[in-house]
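Q: Could you take me through the strands of this one, slowly? I'd like to know what sits beside what.

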Amino acid sequence: YLQSLVSPWEQDWGEFALYAVPVDANITPAVPLAADFGELQLTGYDVVDGCAAGEACTVATYWRVMEATGEPRRVFLHAVDGAGEVVSQDDRLGAPAEYWQPGDQIVQLLTVPTTTSELRLGVYDPRDGRRLSRETGEEFVILDVAAR
């Protein structure tokens, strides 16, 4: 999926491919959002595969770096039940924060093995579990995967 986003800039170098993505590349999500988590802004997401209740769900999340702190970060996708308890989750980040620069765009694939009626997406510090808060004080965004 990620390769399809950057394929217009692919250069074949024999044993590997180089992607020379221009700074002004227009890589946009199918579902645009503007959720500010301070140093990161969620700009949207794509439903990549599945996401019906009870089955696996893969989403591509789109982030813009607003401030490069160099502090470790992870993105979480939690499927929660009616009581807010985590049923399944995917917590990771494939782009180490120590290399981020303001304006960088990060596209992260996340998969939960079991989808529930509520999927929560957010960012946290893996050292102490502290979540980054949005400008509204909330620590996550609820994704509407059913509306795709």
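A: Here's a walk through the strands and their partners. This is a predicted model, where local features need pLDDT of at least 70, side-chain atom pairs count only at pLDDT 80 or more, and totals for chains, interfaces and linings use all residues. Residues are numbered from 1 along each chain as its sequence is written, and side-chain values use heavy atoms, with hydrogens and water left out.

S6 is mostly covered, with six of its seven residues buried, buried being under 20% relative accessible area with a 1.4 Å probe, protein chains only. S6 pairs with strand S9 (residues 118–124) through seven bridges, running antiparallel; to count as paired, two strands need at least two DSSP bridges between them. Along that pairing, His78 stands opposite Arg120 in S9. S6 also has six bridges to strand S7 (residues 86–92), again antiparallel, and here Phe76 faces Asp91 in S7. The S6 and S7 hairpin has five residues between the strands, and Gly84 takes a positive phi near 85 degrees there.

Then there's an open sheet of four strands, in the order S3-S4-S5-S8, with antiparallel pairing. Its edges are S3 (31–36) and S8 (105–112), each pairing on one side only. From one strand to the next, the twist averages 25 degrees, taken between lines fitted to C-alpha atoms, with angles from 0 to 180 degrees between N-to-C directions. S5 (residues 57–65) meets S8 over eight antiparallel bridges, and Ala60 sits opposite Leu109 in S8.

Methods
Helices (H or I, at least four residues) and strands (E, at least two) are DSSP runs, numbered from the N terminus. Buried means under 20% relative accessible area, exposed over 50%, partly exposed in between (1.4 Å probe, protein chains only).
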